Amino acid sequence: MERFRMIFQYFHSNSESVMNGICGLLALASVKMYACFDFSCPCLPRYNMAYGLGIMFVPPVALFLCGLILNRQSLVMLEEWRRPQGHRKKDPAVIRYLCSSIMQRAMVAPVVWIIVTLLDGKCLICAFSSSVDPEKFVGFANASPVQVQQLLAKVPCKDDELLRNNTSRKAVSRYLRCWSQALGWSILLILIAAAFLARWLRPCFNQATLLQARHWSNYIDIEQKIFEETCCEHSRLFAHKCILHFFESMRQEIKLHSFILPREGEGAEGEEDLLRGITDQDQVNKLLKMWYYEKPPLDVSQSHPLGRTWQGHCHLSPQSRDQWGDDSGADIFLQNPNPKGSTPRKT
Amino acid sequence: MDKFRMVFQFLQSNQESFMNGICGIMALASAQMYSAFDFNCPCLPHYNLAYGLGILLVPPLILFLLGFVLNNNVSMLAEEWRRPQGQRGKDPAVLRYMFCSMAQRAMIAPAVWVSVTLLDGKCITCAFCTSVPVETLGNASHPGLSPGEIKQVLARIPCKEIYDGQELIANEVAVRYLRCVSQALGWCFVLLMTTLAFLVRSLRPCFTQAAFLKSRYWSHYIDIERKLFDETCTEHARSFAKVCIQQFFEGMSTDLEAARCHPPRKAPADAGEAAKKLLGITDQGTMNTALKSWHRCKPPLQLHPPALPSGNGGNGWAGEGQPPTQPPAPRKEVAAYYSWV
């Protein structure tokens, strides 16, 4: 477990590492998905091409979209692109930088899928077995065109009784697989060469602008995170105060309605503070009911300071006061809905 | 776990060690890739050579380029090479050192692939099966076959199930011969690579060791300097963001107090800490306004001098070239802006 924690900490140390990690995981997932997928060519004249090309191109689109979704920077970029200008100018270089970095990372998993597909060969054999020139292969040269098409379409299916142990079928399959693997390796070579050139040549063009764009895109990300953390902290405090107000108001109500004299001066004052005046089962039940049926308003400003009675936000009308002791009165709270700023209760 | 942690920390300690780790992983990955790859000789006369040599040479090239792409030092080298001289001279020896060290590491995975391929034998068998010496190994005087047809038959040697030239030359004989040649080549290649590595390592201290130490030091220095600069920029961005957001909230709450008709109440002393943390936002409406304003009207990238931790940096940061404005002026704009929020 510690191993994973260390690896996790390493990748979490900055957000670029996190994204690289996600990118790598998605690439591995795509290889695994291909290995687990049960490829099953239909072996019918027109369906083959649709199935083969579909399996080759549709999952990459899905993986690309996954890569965009899982990348936090895409939301940051969209927000930066669409926000009104306000007091802060928008820098197109930053948006371009973010866009290109997102696209590059999102393209890794689809490319891995396509290359694994090509190196494996099944998709291309399935898609293009009907397009092979039958003259090249001895077994198919003497059949009529329609028959040839049918036979060629069945090439990907090894267990078909017409073509089992047919050497020409194996020759076609081998031929197509060779092309498929050559295509796969060539695409891989071109992409890696392009990445290599991009890495070498990028510092030759506009390096200073690039450094600026990178810094400010990092800044936007950090700022958004800190803003969210600040809001979280604020909402925590806000909730705390709101709940304190709620308990205090309940305590006021209980003090007003209960006939038990408040015990002054007894020990364990600290504990009493924590109990906030709610000290028996009935009171707790009522408090919980109240919390569900009539949540307090979202306002902790000092116009409703602690210690004073609850003004402007009543939750118990005068008639319900008489029913305070009645536990079956779940409907009291429903009868007296508490819109904000409803009639103030007179004490 | 302790051992693993130590290894991990050691590898991460500097870029070179990290690259050694990556290099090792790529070498293992290349051996794994070869065993996972489904070698499929086409068994046709001209395609065999292309396929066999392609599988022997193209993946090593890919691995070599990948070794450069994955190495972060590449952009560092290119940057150092292309930067304007400024006040710091450029030392070509440092650049050469960086390039050599990257190239050496990038060569390991391709060498592993080529060795594994040659030792396994399938590639050479596929590529050169049409060049088998039929006179010595088989029955060259077999009648009735033109040279073209002989080539076609020989091309099918790697595909045992469709091979039909048993009278011309036995399949096992040809495969064994080609595999022997391939493995001999493989071991020679391994020997050559290790000898080269040994010579490079042992002879280098005999020549220009002092210059080598200097280049190595300064290349490490450039790497560390760049990392520290990035870390410092990130720290700065973090502090900048904190202060910017704090000033945003302060500006907002002051504006709202000004916009409300009743005077602001002073928070009681005991609730001062909590009130400060609430950033002046104490109800739902205000919070909604703050969030809307954050999206619609982000604050400028300019911190007001009183809020900065050190007084000196206030005027120096012209984030967007805006002229420094007095604090009340933006607030007036913001107050007017709120009228339609």
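In helix 4 of chain A, the residues A:Q73, A:S74, A:V76, A:M77, A:E80 and A:W81 meet A:I95, A:L98, A:C99, A:S101 and A:I102 of helix 5 of chain A. The model described here is a predicted one.

For helix 4 (residues 72–82) and helix 5 (residues 92–120) of chain A, the axes come within 10 Å and cross at roughly 155°. Because angles over 145 degrees count as roughly antiparallel, helix 4 of chain A is roughly antiparallel to helix 5 of chain A. The crossing in which helix 4 of chain A passes helix 5 of chain A is left-handed.

Chain B has its own helix 4 and helix 5 to consider. Here helix 4 (residues 73–82) and helix 5 (residues 92–106) of chain B pack at an angle of about 155°, and their axes lie 10 Å apart. This arrangement makes helix 4 of chain B roughly antiparallel to helix 5 of chain B. Helix 4 and helix 5 of chain B form a left-handed crossing. On the helix 4 side of chain B, the contact is made by B:N73, B:V74, B:M76, B:L77, B:E80 and B:W81, and helix 5 of chain B contributes B:L95, B:M98, B:F99 and B:M102. The residues of this contact in chain B divide into eight nonpolar, one polar and one charged.

Attention now turns to the interface between the chains. Here, 56 residues of chain A are in contact with 77 residues of chain B. Between chain A and chain B an area of about 6,700 Å² is buried, and carbon and sulfur atoms give 71% of it.

Charged pairs also take part in this interface, with a count of four salt bridges between chain A and chain B. Over all chains, the structure holds 16 salt bridges. One pair that crosses between chains runs from A:E79, in helix 4 of chain A, to B:K298, in the loop between helix 13 (284–296) and helix 14 (328–337) of chain B. The side chains of A:E79 and B:K298 meet in this salt bridge at 3.6 Å, N to O. Helix 4 of chain A thus carries A:E79, which pairs with chain B, as well as the residues, among them A:V76 and A:M77, that meet helix 5 of chain A.

Methods:
Residues are numbered from 1 along each chain as its sequence is written. Chains are lettered from A and ligands numbered from 1 in the order in which they are written. This is a predicted model: local features need pLDDT of at least 70, side-chain atom pairs count only at pLDDT 80 or more; totals for chains, interfaces and linings use all residues. Side-chain values use heavy atoms; hydrogens and water are left out. Axes are lines fitted to C-alpha atoms, for helices over the stretch in contact, and angles run from 0 to 180 degrees between N-to-C directions. Helices (H or I, at least four residues) and strands (E, at least two) are DSSP runs, numbered from the N terminus. Angles under 35 degrees count as roughly parallel, over 145 as roughly antiparallel, 65 to 115 as roughly perpendicular and the rest as oblique. A crossing is left-handed if the near helix is turned anticlockwise from the far one by less than a right angle, and right-handed if clockwise. Contact means heavy atoms within 4.5 Å. Buried area is the accessible area (1.4 Å probe) that two parts lose on being put together, summed over both. Ala, Val, Leu, Ile, Met, Phe, Trp, Tyr, Cys and Pro count as nonpolar, Asp, Glu, Lys and Arg as charged, and the others, Gly among them, as polar.
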